[in-house]
Number of protein chains: 2
Amino acid sequence: MPISHYALGLDLGGTAIKAAVVSDSGEVLEQIQQETPGSRAVGDVVAAIVDVVNRAVKTWSDIVGIGLGSPGLVDKKRRMIRSSPNFPTWVNVPLSGLISSRIERPIRLENDVNCFALGEYRWGAGRGFDPMLALAVGTGIGGGIILNGELYRGDSGAAGELGHISVDFNGPKCPCGGYGCVERYLGNRWFVEYARTALKDESIASPKDVSDLAEKGNKKALEFIQRQGEILGAACASLINIFDPQAIVIGGGTAQCGEPFFRSIRDSVKSRAYPELSQKVNILPAQLGILAGAMGAAAIGFEARRNK
Amino acid sequence: MPISHYALGLDLGGTAIKAAVVSDSGEVLEQIQQETPGSRAVGDVVAAIVDVVNRAVKTWSDIVGIGLGSPGLVDKKRRMIRSSPNFPTWVNVPLSGLISSRIERPIRLENDVNCFALGEYRWGAGRGFDPMLALAVGTGIGGGIILNGELYRGDSGAAGELGHISVDFNGPKCPCGGYGCVERYLGNRWFVEYARTALKDESIASPKDVSDLAEKGNKKALEFIQRQGEILGAACASLINIFDPQAIVIGGGTAQCGEPFFRSIRDSVKSRAYPELSQKVNILPAQLGILAGAMGAAAIGFEARRNK
């Protein structure tokens, strides 16, 4: 079958811009990666993005649209980054306008975890499931909500901050301002901090380290991963009672803690959510790996074309 | 302006069937109330509902459709009550079919708190707000979710169980199976239980009693109401970070704890949810009182006509 349409997706991260040219059936035709400019100045980042776009368009001249995923709060019209943890000096930066004046394709901006969710829904673990929720568990915990085949964005475009569900109203203060947010237990920094205490091992530097120890038979490491899965499962149980979803897809670095982690999430969900709902919901590991964000951005690129 | 259309809404409760004939602008043209048959047998309840419908149709012959709100789990096609706390022997009862064969109007079934949410959205405190969430805090805590002007029902029709958001994953066991559900702190029975302990007063029989004591200057009563508001606010903060809604409408008996209760809910939300979202969200007391359920059911009745 000939490839009828393809779009370009860009995933703007703090260290790299990952890009993928993706067909409408989800085939990745090309990957491009470029360093994010060290200055993190708007002008430099825009220039780097334009450069990636130009390289992609040179080879794939029929790109129908471009999606750009960025961390942070994207406004409802998806033209502006209101604020971003990776680019702390950016406030209300009209990123899509700055880029679109320099390229010849429609471009649309979207939150990076929303892109991840859409990518997994279109072409990954979430395919065929609707309503579908996605969680990216890494440095922080981000979320995305798919309802009726589309991203749910809320009143101002900020919906889906699923890492900031409080699982303990008396819990520790979270940098977001809240208390006991699920991110405050499972975000990398805290995952490691709690693991060091629980395992009495200051050499632990990542969730993967704990997972490796568990695999080697360290019982405390296994128990710790189960406890972390139980907490994430408690947040998932609330989400299940709220949304009655068909699936929750979980990705990000911490999802690589693998089967023991997923088993405890599922057990926690089964012992906490409404039985009618927990019995049928699918808790699935993400499938698209580090390209999920760029692929989801490409899905946004297809939308940019339709709405240009 | 002449009344062009009106629908009948029925609110099926454990003790009474409340009905209202409602115009499409939200005017209540007539109220009917009838006891729920003590037997709670399906046949008796169906007969009582048919009786109310016939009485209404006699006066208001142009009723375009009928909505029926019922507690419990209503299936997605809204023909069946899968289970109901008020009618524990009912399992998969095809209530709308049993009634529709005996009346001459289209009828549609809906969960009662969904009706409450839709009523407040169409004609009450939630008018003009979208996305809008509603919480009914009484015996239990029920919820309803309005997105794009419609009730969000989820995969199987069970979405919106907002009382079963866990606010403490280590919290007390809830009858639903979960732990630390917000209902487990604010549902009538527990509200009273915790209040008796906090105030060392076994005579407290309802949230209203605590509220009355607070109004009379009892400091412990006021503190207790504030603490309850803070817990409900923690659940609202999670909902705000998830949905980015324009408004949350709170009704039910406990909402009558009044201004101190609402003030502490709002304070809790402000100190817990994302500032960008908590600053703009409206936390509002419900306006339609005990008729909200029947009025919302009437809104469902208008839909029944369109989809018959």
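**Exercise 1.** Find the ring over which the charged end of Arg40(A) sits in this predicted model.

*Solution.* Start with the cut-off: a charge sits over a ring if NZ of Lys or CZ of Arg is within 6 Å of the ring centre and within 35 degrees of the ring normal. The ring belongs to Phe87(A), and the charged end of Arg40(A) lies 5.9 Å from its centre. Now turn to chain B: the charged end of Arg40(B) sits over the ring of Phe87(B), 5.9 Å from its centre.

A word on conventions: residues are numbered from 1 along each chain as its sequence is written, and chains are lettered from A and ligands numbered from 1 in the order in which they are written. In this predicted model local features need pLDDT of at least 70, side-chain atom pairs count only at pLDDT 80 or more, totals for chains, interfaces and linings use all residues, and side-chain values use heavy atoms, without hydrogens and water.

**Exercise 2.** Classify the ring pair Phe243(A) and Tyr152(B).

*Solution.* Rings of Phe, Tyr and Trp (its six-membered ring) pair if their centres lie within 6.5 Å; planes under 30 degrees apart count as stacked, over 60 as edge-to-face and the rest as tilted. Here the centres are 6.0 Å apart and the planes stand at 75°, so the pair is edge-to-face. Finally, ring pairs link Tyr152(A), Phe243(A), Tyr152(B) and Phe243(B) into a cluster.
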